[in-house]
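Welcome, and please take a moment to look over the chain below. A short tour of its helices, sheets and surface follows.

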Amino acid sequence: MTSASPPVPPAEEETVVVPRMRKLRLAEQGDRTDLAGDLTAARAAVGRLRAEVAGLLQQLERLEGDPDRTVSLPPPATRPAPAAPVRPDPSAQPTAIVPRPAPVRPQPQAPTRRPQAPMPVARPVAQPVARPVARPIAQAIVRPTPPRLPAPKPAPAPAAKPAPAPAAKAAPGGLEAGYAAVLAEVLGVPQVAPTSNFFDDLGADSMVMARFCAKVRNRPDLPNVAIKDIYQAPTVAALAAAGGAKVVQAAAVATGTHALPVSVVGPGRPSPTPADLDPATVKLALALLNEPAAPVAAPKRVGTLGYLLCGTLQLLFLLGYPALVSYAFAVGAQWVLTAATPLDIYVRSTEVAGGLFLGTALLPIAVKWLLVGRWKATQFPVWSLRYYRFWLVKTMIRTNPLVRFVGTPLYPFYLRLLGAKIGKGVTILSPTVPVATDLLTIGAGTIIRKASSFTGYRAHNGMIETGRVTIGAGALVGEATVLDVGSSIGDHAQLGHTSALHAGQSIPAGQRWHGSPAEPTSVDYRAVPTVGGSALRRFAYSVVQLVTLFGVVLPLGIGGLALLVREVPQVQTLLVDYETAAGNVPLYLDVLILSSTIFVGALLLGLLVITIVPRVLALLVRPDRVHRLYGISYWALRTITRLSNSKFATRVFGDSSYIVGYLRAIGYKFGRVEQTGSNFGTAVAHDVPFLCHVGSGTVVADGLTMLNTDYSSSAFVASPVRIGARSFFGNAIFYPARARVGDNVLLATKVMVPVDGPVRQNVGLLGSPSFVIPRGVDRDARLALGPEQRRRGVAVKARHNLLSIALMLLSRWVYLTLFVLLFRVALDLHPTFGPAAIAVLGAAELVLTFGYFILLDAAVRWMAAHEPQGVSIYDRTFWRHERYWKVAEDSYFTLLNGTPLKGAMWRALGVRVGRRLYDDGCMMTERKFVTLGDNCMLNERSVVQCHSQENDAFKSDRVTIGSGVTVGVGAFVHYGTQLGDASVLEADSFLMKGEEMPANTRWGGNPAIELIPTRAH
């Protein structure tokens, strides 16, 4: 309930039953229309019934002549009035707790009041029940049995001073006492007051409470709790009330009738408690709640021969496809170089570039239809030949050059060629290419925003599952969302940003949902109106793109190089005439000169382009104004976004004091800068850098994406993004322009930033949808430095970071030098072997990339932390760890996704890997801290992060993932966690630090909690 029911007069408080259960359920959901009249009529009826009962009891006394056996109703003064509930004394054991569905607030029902000081009002707490859940308890109760008059014989026993039944004392008190005892053991204190806040009063943090949750799971007499329950019920009393609600709901399921005693329901008793159940039912409910999960049946796995055959075929393709493309390029380039005039060079360059583009664009489409045909909803084991066909098609369609047209009308056309059913006027901004395209349906006028995943497949329990994804007409899919297999969105429905639809979830037409997993909401995520747009506008934009590509960009790329080689003798000598070059300078010096020129020139030219061109184009994108898609303003927006988001530049300057200067250079606006030496990480993104405002003293860990642009299917609006002062942002946060977040806010990892309600200040936000948590904890505060110590620490760290930047640039220059050496050798062999020498170069480049960066990682791995730790960010141990992040490369990992070679690569990088790892695109930061069991399934965009930075504190710990574990698409596993054998972490879930997933369980949500279908809740 969102508000309290009108108080029932004391004389009518006992066993009140409202006959209209439907309206009572509506009232519990917040709709109290016409309920007052029903309550008045019910009270009058109960009064008449009481009078009749009193008359019958008097007759029984006279008939039997034994007043000692007379049962009278309890005097109303013996129970506290519901309008003024009394909280229990912390030093005394309460006798009963009455939980409400939402928010859960413990209310004692002691027979007598204990003198005590006034207690502070408990903070609102949402119902901590896992989603998706069985019907709420108010809906699980069927129509109650009408109250019956007592039979005349035998007469009930008298009760001169009635007291609550023993069960009413034992059940809630037992939960509260049990939770308090476990927490006291974890904290190492004699006792814990039931009303003491875990964080504010007891000084606990999330790691401490994670250990508490793990110990509770070992207590069969207590309902299990998760970290999310801790934040939503931050006292022992509130947690016991929430646990009581779980027990009652499980009892309703366990009895099979979903019916509870009449005295459980009524205006004075808005929700039942374990006090209303007999001990046997409570014991049955606890057994049901804590029932060990049944082992998951192991799938039929491919044998060793099939596993090796699949890996061999994948390796041959990874080497052969680049060699084929390189061969075709060599043949075309040789033909261009033999042209007689500059005009002939341009014409031939156009033909060669067009042929290469069309060949690499049409070949994947043809391979899909030849090897697969139409995708169907099915499943098949990984490493089988059927899986190899799946992987081959997935790899080729995702390396198709048409993927570069995402956000334009050409991209939906590409998906239609692959079999997707896409209506008119659809705009797709997410570059994640769906694979099972025949199972994808998108209605007309739908907008799918950035970083959304709707691939139509997932890896689960040793199998690849393909399933339908249906998005209705006029729908909106927000940024950073995941649509798992079997999910659907109705016409004109909305899915907010940082949300997910788990397998089988559906949003009805016209509804708005958000969260992970998604749930209904009243928030409207449409901020941009739909304006008139014609098919002619889309067609013209596509034609201009193709003409620019084939008439300007590609010919100048090939033809310009050919003219440079032909018309400039020095370049010809350097690049082509190997014998002449070798006679003038040694080979190694020639290679050093060429690689240095390319490297330094690219750095300087890149910085000039990044800082100048977007500023000029920004004149075409006026903020807070509606622009039509597929016009000059849209082209300028896309160009600004692509040019100003340089991953290489943010990696160079990130995690150092110099990142602030770089971001200012590209357009960011800062308040008074308070340097920490780590104001931003190495991954920062935006739409329009000139519309990004960052408050003073704010620190961003890593992975921040500022969403300056809102879209409809036909228009966009670019708006300023304002980040408050003295705030801290965790990892993987998408921050919209409409954010309702002010100063001094902690945004936890993967949080869904709210866009409605009051401006949040001086609090922490966690989860999707987000809820309030403490801004900080004592453990992190103890690692903070004073102003003078920080100033000195920043100065020393800046010098340390300069050396880190130099080492990173040096390592990339060495890689380029080795590649140039291969290129020169291939050119030397070209007269003898022809284009085959260039083809070998294409395959050798792959071997060079993996060999060099794996050796580089091994060379700098000593800098990384080797044991779990918690230190200040001004500790040299942390600085060395940052240096390891900066120098070691990770962008090449994706080439091995979905192959057995990925497991071998992780093993070479220090991860403890079991047999037959399936990794479809997981990222691991601290590899030495990760242990993976046999037959693990890591889906794409998943993250295993063994560290956390918060303000001035850096913490790290190990992550253990058991055998047969599945980590869903986009799931995030934090440090200090354990995933038991055959457990499942659902898509887009956030497993918080310190959590332990028991074997064979299924967890999901942000933050993750145990979900019902695996264990019999």
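This is a predicted model: local features need pLDDT of at least 70, side-chain atom pairs count only at pLDDT 80 or more; totals for chains, interfaces and linings use all residues.

Leucine 821 sits in helix H21, which covers residues 787-833. Together with Leu818, Val825, Leu829 and Phe833, Leu821 makes a nonpolar surface patch of about 400 Å².

Another leucine to look at is leucine 315, found in helix H9 (residues 304-337). Its relative accessibility is 37%, and leucine 315 is therefore classed as partly exposed. Leucine 896 lies 581 residues away from leucine 315 along the chain, yet their C-alpha atoms are separated by 9.0 Å.

Let us turn to helix H10, residues 342-371. At 1.5 Å a residue, its 30 residues should span 44 Å, and the distance of 43 Å between the end C-alpha atoms agrees with that. Among the buried residues of H10 are Ile345, Val352, Phe357, Ile365 and Val367, but also Ser349, Gly354, Pro364 and Lys368. After H10 comes glycine 373, which has a positive phi near 75°.

How far apart are the end C-alpha atoms of helix H16 (residues 587-617)? The answer is 44 Å, in agreement with the 45 Å that its 31 residues should span at 1.5 Å a residue. H16 also has a kink of about 25°, centred on valine 609. Its buried residues include Asp590, Val591, Leu594, Ser595 and Phe599, as well as Ile610, Thr611, Pro614 and Leu617.

## A strand covered on both faces

S7 pairs with strand S1 (residues 379-381) in the antiparallel sense over 3 bridges, and proline 381 has methionine 463 as its bridge partner. Strand S6 (residues 457-460) also pairs with S7 in the antiparallel sense, over 4 bridges. Here histidine 460 stands opposite methionine 463. S6 and S7 form a hairpin with 2 residues between them, and asparagine 461 in that turn has a positive phi of about 50°.

## Two open parallel sheets

Which order do the strands follow in the open sheet of 5 strands? They run S2-S4-S8-S11-S14, with parallel pairing. Strand S2 (421-422) and strand S14 (506-507) are the edge strands, each pairing on one side only. S2 pairs with strand S4 (residues 440-442) in the parallel sense over 2 bridges, and the bridge partner of lysine 421 in S4 is threonine 441.

An open sheet of 4 strands has the order S32-S35-S40-S43, again with parallel pairing. Strand S32 (923-924) and strand S43 (990-991) each have a single partner strand, so one side of each is left without a neighbour in the sheet. For S32, parallel pairing with strand S35 (residues 943-944) runs over 2 bridges. Within this pair, methionine 923 has valine 943 in S35 as its bridge partner.

Technical notes: Residues are numbered from 1 along each chain as its sequence is written. Side-chain values use heavy atoms; hydrogens and water are left out. Patches are made of residues with over 30% relative accessible area and no salt bridge: like charges are joined within 9 Å, nonpolar side chains (Val, Leu, Ile, Met, Phe, Trp, Tyr) within 5 Å. Accessible areas come from the Shrake-Rupley method with a 1.4 Å probe; for residues, only the protein chains shown count as cover. A salt bridge is a side-chain nitrogen of Lys or Arg within 4 Å of a carboxyl oxygen of Asp or Glu. Two strands pair if DSSP finds at least two bridges between them. The expected span of a helix is 1.5 Å times one less than its number of residues. The bend at a residue is the angle between axes fitted to the seven residues ending there and the seven starting there. Buried means under 20% relative accessible area, exposed over 50%, partly exposed in between (1.4 Å probe, protein chains only).
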